[in-house]
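Student: Could you walk me through a structure that is new to me?
Tutor: Gladly; have a look here.

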Amino acid sequence: MKEQIIKEQIIETSLKHFLADGIRSNTMQKLAAAMGISTKTMYKFFVDKEALLEECLKIHYKGAGNELLDLIDGTANPIVSLWNIYSKTVELDFGVNHAFYHDLNYYYPELQDKIIKQYVSNTTTIITGIIKQGIEEGYFLSYLQPSVVMEVSAVLYASVTRYNSYEKSGLKPEDLFNHTTTIYLRGICTDKGLKVMNQLNELTN
């Protein structure tokens, strides 16, 4: 029982340091020193930093998934729901924890995908359902397949967060997002959907 408590404390504290300073800058030795324990103790529970990071990500993405679900609750319009979800993900990726997400996207994408599939799959299913709702209610083009729309938007978002292709543009993250994912969302909208998108643009600009 005592060892389990120690392990949980290591995960919780390490996650805080990863979020605050990024992943690459935090070594096992540095994390151990910050917690006042030996590096030997760290390796007793985790074979390496990636194993520790994996446990940290499980906690982090479980919480992030719940945050996204909270954004959906009570929102009747599917476009507003998607807008809120994507705005939140941009805030997470490029906000105060930018170093963390930068390191995660660039150096640990496979691990990130693994954890997302485990802990955010329910959110993905719900978002796909929102897209389906948008098609049925006439906000999105009738011939679209929700799962394909979800996959394409995810690929577009990854192109912004995981690669440095756009660095030379000099655009702010939110502007870069508007040059990619937002354009795609507008492209799948009907005239009815575009009216909602335009209203959202007016409110946020």
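What follows is a set of questions and answers about side-chain contacts, a cavity and a pocket.

Tutor: Before we start, this is a predicted model: local features need pLDDT of at least 70, side-chain atom pairs count only at pLDDT 80 or more, and totals for chains, interfaces and linings use all residues. Residues are numbered from 1 along each chain as its sequence is written, and side-chain values use heavy atoms, with hydrogens and water left out.

Student: How many salt bridges does the structure hold?
Tutor: A salt bridge needs a side-chain nitrogen of Lys or Arg within 4 Å of a carboxyl oxygen of Asp or Glu. With that rule, the number of salt bridges is five.

Student: Which parts does the pair of glutamate 3 and lysine 44 tie together?
Tutor: In this salt bridge the closest N and O atoms are 2.7 Å apart. The pair ties together parts that are 41 residues apart in sequence, because glutamate 3 lies in helix H1 (residues 2–21) and lysine 44 in helix H3 (residues 39–45). Helices here are DSSP runs of H or I with at least four residues, numbered from the N terminus. The parts are therefore H1 and H3.

Student: Is lysine 44 buried or exposed?
Tutor: Buried means under 20% relative accessible area, exposed over 50%, and partly exposed in between, using a 1.4 Å probe and protein chains only. Lysine 44 has a relative accessible area of 55%, so the word for lysine 44 is exposed.

Student: And is glutamate 54 buried or exposed?
Tutor: Glutamate 54 meets lysine 114 in a salt bridge, at 2.9 Å from N to O. Glutamate 54 lies in helix H4 and lysine 114 in helix H7, so this pair ties together parts that are 60 residues apart in sequence. Lysine 114 is partly exposed, at 39%. Glutamate 54 has a relative accessible area of 17%, so glutamate 54 is buried.

Student: Why is the pair of phenylalanine 100 and tyrosine 101 edge-to-face?
Tutor: Rings of Phe, Tyr and Trp (its six-membered ring) pair if their centres lie within 6.5 Å; planes under 30 degrees apart count as stacked, over 60 as edge-to-face and the rest as tilted. This is the one aromatic pair in the structure. Its ring centres are 5.0 Å apart, and the pair is edge-to-face because the planes stand at 80 degrees.

Student: Which ring does the charged end of lysine 192 sit over?
Tutor: A charge sits over a ring if NZ of Lys or CZ of Arg is within 6 Å of the ring centre and within 35 degrees of the ring normal. The charged end of lysine 192 is 4.5 Å from the centre of its ring, and that ring belongs to tyrosine 139.

Student: Which helix gives the most to the lining of the largest pocket?
Tutor: On a 1 Å grid over the protein atoms alone, a cavity is a set of points where a 1.4 Å probe fits but cannot get out, and a pocket is an open set with protein on both sides within 12 Å along at least five of seven lines; lining residues have an atom within 4 Å of a point. With eight residues, the helix that gives the most is H9.

Student: And which helix gives the most to the lining of the largest cavity?
Tutor: Ile79, Leu82, Trp83, Phe140, Leu185 and Met197 line this cavity. With three residues, the helix that gives the most is H5.

Methods
Helix = DSSP H or I, 4+ residues; strand = E, 2+ residues; numbered from the N terminus.
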